[in-house]
Amino acid sequence: MPKKRSGGGLTGPQQAAKFLGVSVLAGAVLAGIALPAAGVLGLAAKGTVKGFDEIPANLKRPPLSQRTTILDADGELIASVYSRDRTVVPLKDISPYMQKAIIAVEDSRFYQHGAIDLKGVLRALNKNATSGGVAEGASTLTQQYVKNVFVEEAGDDRAKFAQATQQTLGRKIQELKYAIQVEEELGKKKILENYLNITFFGQQAYGVEAASRRYFSKSAKDLKLEEAAMLAGLVQSPSRYDPVNDSEEARKRRNIVLQRMADVGDITQAEADKAKATAVKLKVSRPKNGCITAVNGAGFFCDYVQKSFLANPVFGKTREERAKIWNRGGLTIRTTLDPKAQESAQESIESHVNQDDKVATAVTMVEPGTGKILAMAQSRPYGFNKNETQINYSVDQKLGGSAYGFPVGSTFKPFVAAAAIEQGKPATQVYPSPYSMPYPSSIPACDGKMWINDRADNLENENELEVGPYDLKEAMEKSVNTYFVEMIDDIGLCPVVDMASELGLVQGNGAELPVAPAPLTLGSTGMSPLTMANAYATFANRGTHCTPTAISSIRTADGKSMRVPKSTCERTMSERTADTINTLLSGVVSDSGTGASAGLSGRANAGKTGTTDGRKNAWFVGYTPNLSSAVWVGSPTQQVEMFGITIGGIYHDKVFGGQVPGPIWRDAMNGALADKDAPSFNSVSIPDRPKGGDRPGNGDTGGATTGTTTGGGGDGDSDGDGGDNGGGWDNDGKPGDEEPIPGISIPENGIAGGDGENAGGDSAGSATLGSDGGGDGDGGDSEGGGLNGGWD
């Protein structure tokens, strides 16, 4: 018994026999399938015809490329992305009119012949020879399907596409043999289903479902007769018969299809005539492809998801392999984006910074303890027009960000403090902290190396009133530059380098931070808001750092789950250290801190301001126990100094971290946390450094006094009269009247000189780290002598 095939037609051996019989026509028949008889010899010369049996019958049918759907954490659509807009549907979900129309116009004997329609070949050859051109082709739907498989596999590779569409005799013979294989393996119904799902219908629509939605905004199963005929007519030339651009040509082609359906008996002539009289009625849905269509300003997050997929070996060993999976699409990607947080971040940005301002802003939110990225927004939208950009200011360069990130300023200081506390420094640590000082001549670095100050650079505090000595709490609240340089001089650079590495702190270009005081204390190196928000989340998570993540799950087109990268969490500092930093940074958002305007009411919160040289960048990075967020404001090109500038319609004489970024952070956080729990930090008790009428080490009422190495020299009162207590500590009833406060330490090489202002008058003095010195008070003649100088 000969082998029967589902769907009818000849068996494989019979097809081969017929093929070999036809091939004796010296190639003319085969060439006549799609080419004029006059071209046969030329094709034979250009194409290589192997023996039929030598051609491998192993046509691979890769999954069809489809749209990928990116969802937020609640399962709502963020955007659809695709290399080809296609939604694969089963034959039962395609209108019967559509099925009949495509067969009638493309291969009316589809159910009568096998992979090759010999009658059609002979008819086409005769007609083409008579006309002297290509008047008619004879490719079956099966052959067309095979060709489309090659085109689909080529994707965007121009060389492979050219190979898939080349008009050579050898190529045609290969397609014919594959068509025989497909007929045997699939049968007619499946071939028709596959054909309708793979074919291009113009207007970026691949497959009948996408085409139906593009031209008529309905599913393919709901197509009417005249609509189905129009779509079937597009296959021959999607651009020529495009109803969007030329409705008259589309109407003529549609009517040809309708008449063909009547001629083959699929519909009556009356039905055909009625449909022909119907005007072409479109309800066009414009393509919505890519991250540019994302909702709530989430285009940059969408782009980050795509670039994260392409960069992560979890999704494929090579970038080429990952790109192939992404371009094939059909994925449903559930992300970590919190729609409430995203909306709040975007609304806050829009209320504080205009799209066309000279500067831009970016806001990134991360969940402590999970590393989930909950929001990613910026003032310049995702796009290609003026005041739009495709650069994601929130992330590193390799994932679509700026080339180097943005200098973070004083938002780096908490990392120095954490490293010092981990090294055993108390939270009450005091340093002289003059207004101005040179950088130390040398500081121990890692691996026995030394950082050498070969440029004799100086540094200053924000203003001349910032004169020490300061303890850590006050230095953090006031963001005292000289304090933290003295701290890193005390502990060395390596502890800070190690801390930064464990917190994932890298430059925006992915390079490690330079081992030098400026980048490791004052934040002179560029980093991204995501990097900063995630590092601060470690404080909120009591010292355990979790790597950031944006993808929760991925499901393929066939419903299978893909493995996704998970956040990895490791302890980077003790809980005590993190709790201490949380306590310190809570003071920054208090009434006396630089971030007072950013503070949240009704819930525990902490944060740090940052402003860089020339005020080219301003930051606020802060957090609650359950949400961390970083806000950057500045010029993406780093060319704008924020003096005398209008941002969001409000004029600013000069921009501070707490002034513009702070309120953006506050409003974004308030919205994101609305109706969320308000947990507390595990606070640590940090005693205040005692402060009397004068600073410690001043004579209470004494005129000219001389400090000793214990009490230090004192600046006199404004009146210069004699007093009860010469040098030493003020007797104000607080602990430490008789001697320095227990727990407060002064480095052995420190000098407590500096500029300051007392009730009795200004006192000016300076001391270079590691040298003796003191200060003269304007209100009274005093000198600070000895190793520790005098408290100003």
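1. The link of cysteine 291 and cysteine 302 is left-handed, with -70° about the S-S bond, in what is a predicted model. Cysteine 291 sits in the loop between helix H13 (269–276) and helix H14 (299–311), while cysteine 302 belongs to helix H14, so the bond ties together parts that are 11 residues apart in sequence. The sulfur atoms of cysteine 291 and cysteine 302 are 2.1 Å apart, which falls under the rule used here for a disulfide (a pair of cysteine sulfur atoms within 2.5 Å). Helices (H or I, at least four residues) and strands (E, at least two) are DSSP runs, numbered from the N terminus. Both cysteine 291 and cysteine 302 are buried, where buried means under 20% relative accessible area, exposed over 50%, and partly exposed in between (1.4 Å probe, protein chains only).

2. Some conventions should be kept in mind. Residues are numbered from 1 along each chain as its sequence is written, and side-chain values use heavy atoms, with hydrogens and water left out. Because the model is predicted, local features need pLDDT of at least 70 and side-chain atom pairs count only at pLDDT 80 or more, whereas totals for chains, interfaces and linings use all residues.

3. Helix H14, which holds cysteine 302, has 13 residues and reaches 18 Å from its first C-alpha to its last, close to the 18 Å expected at 1.5 Å a residue; the expected span is 1.5 Å times one less than the number of residues. This helix is mostly covered, with 10 of its 13 residues buried, and among them are Phe300, Phe301, Cys302, Tyr304, Val305, Phe309 and Leu310.

4. By the distance rule the count comes to 3 disulfides, and with bonded cysteines counted along the chain they follow the pattern 1-2, 3-4, 5-6.

5. A disulfide joins cysteine 446 to cysteine 494, with 2.2 Å from S to S, and the torsion about its S-S bond is about 110°, so this disulfide is right-handed. The pair links distant parts of the chain, 48 residues apart, with cysteine 446 in the loop between strand S9 (442–444) and strand S10 (450–452) and cysteine 494 in helix H20 (residues 494–502). Cysteine 446 counts as buried at 15% relative accessibility, whereas cysteine 494, at 21%, counts as partly exposed.

6. Cysteine 546 and cysteine 569 also form a disulfide, their sulfur atoms lying 2.1 Å apart, and with 115° about the S-S bond this link is right-handed. Here the bond connects strand S14 (residues 544–546), which contains cysteine 546, with strand S17 (residues 569–571), which contains cysteine 569, the two cysteines being 23 residues apart. Cysteine 546 is buried at 6% relative accessibility, while cysteine 569 is partly exposed, with a relative accessible area of 40%.

7. Tyrosine 206 is found in the loop between helix H9 (188–198) and helix H10 (208–216), and with a relative accessible area of 19% this residue is buried. Not counting residues up to four places away in sequence, tyrosine 206 touches Arg84, Asp85, Arg86, Thr87, Asn197, Ile198, Thr199 and Phe200, a contact being heavy atoms within 4.5 Å. The C-alpha atoms of tyrosine 206 and glutamine 66, which are 140 residues apart along the chain, are separated by 8.6 Å.

8. On confidence, the mean pLDDT (the predictor's confidence in each residue, from 0 to 100) is 80 for the chain, and 75% of its residues reach 70 or more. Over residues 1–8 the pLDDT is below 50, and beyond near neighbours in sequence this stretch has 12 contacts in the model. Residues 133–137 also have pLDDT below 50, with 16 contacts beyond near neighbours in sequence. Where pLDDT is low, the predicted coordinates should not be read in detail.
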